[in-house]
Amino acid sequence: MTLNETIARIRAAHLMVRDVKEWDGLSAGLLQAYDTNDEDLIEQLQPPFLQSWRTVTRYVLRDTFDQAGISVTDPSDPWGIAILTSDGRSVEPMVCIASPEGLQKTDSAGLDGRRLLTFSETMTHYSDCLTPFFAKQSA
């Protein structure tokens, strides 16, 4: 299996669960909850948001990752999707990245100076994380 095939399957699996607009809406809603320090809304949105990303990766994409020789384990970061391991190398795709502007208008400790990614940005980050696993194929 190639990197492009793997990325296409990852994208398709996530789009079976929600379309891009829904994924981005969840990110925007969660960010707004953090911006307004709405703890109730954060508790309502964050677990299903993260669980959706994690469930698709761990269960829906199981065969895809098995075919690519990549094992999937639970994330170590609270905003991680999973830890992916192949040939002794591990990566952890995330749903947020370090924000150059610090806490991005929010004082909440939950984001810890990170910025939530859009669906497209998450897919790009996912692809970047997987690229080293397929380096031998393109060499």
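This is a predicted model: local features need pLDDT of at least 70, side-chain atom pairs count only at pLDDT 80 or more; totals for chains, interfaces and linings use all residues.
**Entry 1: Ser86**

I started with Ser86 and looked up its contacts (heavy atoms within 4.5 Å): leaving out residues up to four places away in sequence, Ser86 touches Gly69, Ile70 and Phe133. Ser86 sits in strand E2; helices (H or I, at least four residues) and strands (E, at least two) are DSSP runs, numbered from the N terminus. With a relative accessibility of 8%, Ser86 counts as buried. My cut-offs are under 20% relative accessible area for buried, over 50% for exposed and partly exposed in between, with a 1.4 Å probe and protein chains only.

Residues are numbered from 1 along each chain as its sequence is written, and side-chain values use heavy atoms, with hydrogens and water left out.

**Entry 2: the whole protein**

I find six helices and five strands, and from the N terminus on they run α-α-α-α-β-β-β-β-β-α-α. Of the 139 residues, 44% count as buried. Among contacts with a separation of 6 or more, 55% join residues 24 or more positions apart. The accessible surface (Shrake-Rupley method, 1.4 Å probe; for residues, only the protein chains shown count as cover) comes to about 7,400 Å², and 51% of that belongs to carbon and sulfur atoms.

**Entry 3: helix H1**

I checked the length of H1 first. At 1.5 Å a residue, its 15 residues should span 21 Å, and the end C-alpha atoms are 22 Å apart, which agrees. The expected span here is 1.5 Å times one less than the number of residues.

Which residues of H1 are buried? I list Leu3, Thr6, Ile7, Ile10, Ala13 and His14. They cover an arc of only 130° around the axis, which puts them on the same side of H1; the arc is that of the directions from the helix axis to the C-beta atoms. On the other side of H1, I see Asn4 and Met16 exposed.

**Entry 4: helix H2**

The same length check works for H2, residues 20-35: 16 residues should span 22 Å at 1.5 Å a residue, and its end C-alpha atoms are 22 Å apart, in agreement. Its buried residues are Trp23, Ser27, Leu30, Leu31, Ala33 and Tyr34. Seen down the axis of H2, these fall within an arc of 160°, so they line one face of the helix. Lys21 and Gln32, on the other side of H2, are exposed.

What covers the buried residues of H2? My list includes helix H1 (3-17), helix H3 (39-60), strand E5 (114-116) and helix H5 (119-130).

Setting aside neighbours within four places in sequence, I find Ser27 in contact with Phe49, Leu116 and Leu117.

Then the ends. At the N-terminal end, Asp19 caps H2, with a side-chain oxygen 3.1 Å from the backbone nitrogen of Lys21. After H2 comes Asn37, with a positive phi.

**Entry 5: two positive phi values**

Most residues other than glycine have a negative phi, so I looked at the exceptions I had noted. Asn37 has a phi near 55° and lies in the loop between H2 and H3. At 42% relative accessibility, Asn37 counts as partly exposed.

Asp87 is not a glycine either, yet its phi is positive, about 50°. I place Asp87 in the loop between strand E2 (83-86) and strand E3 (89-91). Its relative accessibility is 67%, so Asp87 counts as exposed.

**Entry 6: the core**

Last, the largest nonpolar core, where a core is a set of buried Ala, Val, Leu, Ile, Met, Phe, Trp, Tyr and Cys residues joined through side-chain atoms within 4.5 Å. Of its 37 residues, Phe65, Trp79, Leu84 and Leu130 touch the most other members. The elements giving two or more residues to this core are H1, H2, H3 and H5. Which element gives the largest share? H3 does, with six residues.

Not counting residues up to four places away in sequence, Phe65 touches Thr6, Ile10, Thr57, Ile70, Val72, Leu84, Tyr126 and Leu130.

Conventions:
A polar contact is a pair of N or O atoms within 3.5 Å; within protein, one must be able to donate a hydrogen and the other to accept it, and residues adjacent in sequence count only if both atoms are side-chain atoms.
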